2 protein chains.
Amino acid sequence: MSEKFIDNYLLFQLALASHTFSEEFYDQLRAAGVSPPKWRILINLMDCPGMYLTALAKYALYEQSRVTKLVDQLVGEKLVEKRASQQDRRRVSIHITDKGLALVKPLIVQAQIHEASVLAGLTQTDRKHLKSILRKLAKRHAEDMQVVNLKLVDTV
Amino acid sequence: MSEKFIDNYLLFQLALASHTFSEEFYDQLRAAGVSPPKWRILINLMDCPGMYLTALAKYALYEQSRVTKLVDQLVGEKLVEKRASQQDRRRVSIHITDKGLALVKPLIVQAQIHEASVLAGLTQTDRKHLKSILRKLAKRHAEDMQVVNLKLVDTV
DNA sequence: GTAATGTACATGAAAAATCATATATATTGT
DNA sequence: ACAATATATATGATTTTTCATGTACATTAC
């Protein structure tokens with residue numbers, strides 16, 4: 001039908017898929033009183049507690065100074081806490097609190113339900129291919145982060 | 001290795017891929033003096049000249065009031081122009097100018113080269129699967145826009 | 001040990017994006 | 001025709017995000 005540049009341009013296709021489905025879920029988040037950036041910070045901390053701020057920024061796909069501010073807000077809400085590193089006194093490792101976990105856990109269930117509804121539009125083999133290909137593509141981001149990966153969390 | 005929630009969460013995988021590759025290309029854009037939002041507006045107008053502002057907003061994945069402001073800037077730079085619709089005097093159809101086309105055309109070549117470099121990391125079949133699956137996923141966004149699609153551009 | 005350089009995080013001013021709402025025009029129902 | 005409702009875009013205040021840079025600590029090279 002259409003032969004537009006955009007419809008076949010990978011970066012746009014990825015942005016479109018990401019945007020469409022993220023916005024759907026963000027509506028659910030906002031209904032629960034959690035902003036999308038806070039959700040991103042919290043699930044990353046859930047997966048990897050004690051991450052240093054800079055590592056957290058790279059994983060959450062936000063700028064460092066923005067993460068500083070987001071984390072400070074979350075500290076104010078007692079959803080996360082900062083701990084100074086013994087090994088390197090410049091570093092701050094960020095931990096999700098019990099209150100943070102309590103907030104995030106039901107949202108993870110919602111996220112999984114929503115994800116299932118997205119994948120329901122695809123065949124079983126398409127689903128497998130999609131996740132497998134996305135994992136391959138993710139390696140390009142992982143390469144950019146090698147240095148950060150070496151020292152991700154505080155190992156007291 | 002890792003069994004983290006995030007690494008297997010579709011919305012995060014999509015956001016990661018979109019973010020990683022978009023940022024790569026945005027560096028090239030900025031080097032050419034074009035901000036990412038302006039690029040998004042301009043290629044959408046290239047594909048579909050004369051789109052109404054609201055339709056443009058939906059295709060470019062931006063909020064309406066933001067597109068109003070972006071378009072006004074682009075008008076200031078003589079890269080696009082606004083034309084009042086005869087059929088509906090509330091509507092404004094936006095057209096890319098020759099100057100806008102001249103700016104955007106070489107960037108499209110760069111975008112295609114960059115896209116090839118991204119796809120180079122995948123096998124031929126993976127590439128086919130990826131684009132085909134992304135097109136299927138795009139239908140969910142298209143559904144949200146049915147109404148807009150009915151009246152997209154000014155048909156003088 | 002000390003100077004030079006590099007890295008982690010914080011901060012404040014500036015720029016961009018969002019949100020609520022205003023204005024103008026269209027459409028619908030009576 | 002008129003009122004009520006809906007839609008398209010614009011606007012201004014507020015909030016968010018970015019950018020440049022500051023401060024403190026670490027590391028390297030001499």
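Q: Where is B:L61 placed?
A: B:L61 lies in the loop between helix 3 and helix 4 of chain B, where helices are DSSP runs of H or I with at least four residues, strands are runs of E with at least two, and both are numbered from the N terminus. The model is a predicted one, in which local features need pLDDT of at least 70 and side-chain atom pairs count only at pLDDT 80 or more, while totals for chains, interfaces and linings use all residues. Residues are numbered from 1 along each chain as its sequence is written, and chains are lettered from A and ligands numbered from 1 in the order in which they are written.

Q: Why does B:L61 count as partly exposed?
A: B:L61 has 17 C-beta neighbours inside 10 Å, and the scale calls a residue buried if 20 or more other C-beta atoms, placed from the backbone, lie within 10 Å of its own, exposed if 12 or fewer do, and partly exposed in between; B:L61 therefore counts as partly exposed. Its backbone has a positive phi of about 65°, although B:L61 is not a glycine.

Q: What makes B:K78 exposed?
A: B:K78 has 11 C-beta neighbours inside 10 Å and therefore counts as exposed. B:K78 sits in the loop between helix 4 and strand 2 (80–84) of chain B, and, without being a glycine, has a positive phi of about 60°.

Q: Why is helix 2 of chain A called roughly perpendicular to helix 4 of chain A?
A: Helix 2 (residues 36–47) and helix 4 of chain A pack at an angle of about 85°, with their axes 10 Å apart, the axes being lines fitted to C-alpha atoms over the stretch in contact and the angles running from 0 to 180 degrees between N-to-C directions. Angles from 65 to 115 degrees count as roughly perpendicular, those under 35 as roughly parallel, those over 145 as roughly antiparallel and the rest as oblique, so helix 2 of chain A is roughly perpendicular to helix 4 of chain A. A:P37, A:K38 and A:I41 in helix 2 meet A:L70, A:V71 and A:L74 in helix 4, contact being C-beta atoms, placed from the backbone, within 7 Å.

Q: How do you know that chain A and chain B have the relation of a two-fold axis?
A: A rotation of 180° with 0.0 Å of shift along its axis superposes chain A on chain B, with an RMSD of 0.0 Å, and that is the relation of a two-fold axis. The superposition is by least squares on the C-alpha atoms of residues with pLDDT of at least 70 in both copies.

Q: Why is it said that the copies meet through the same surface?
A: Because 100% of the interface residues of chain A are also interface residues in chain B, the copies meet through the same surface. The contact takes 40 residues from chain A and 40 residues from chain B, and helix 1 of chain A gives the most to the side of chain A that touches chain B, with 13 residues.

Definitions and conventions
Contact = placed C-beta atoms within 7 Å.
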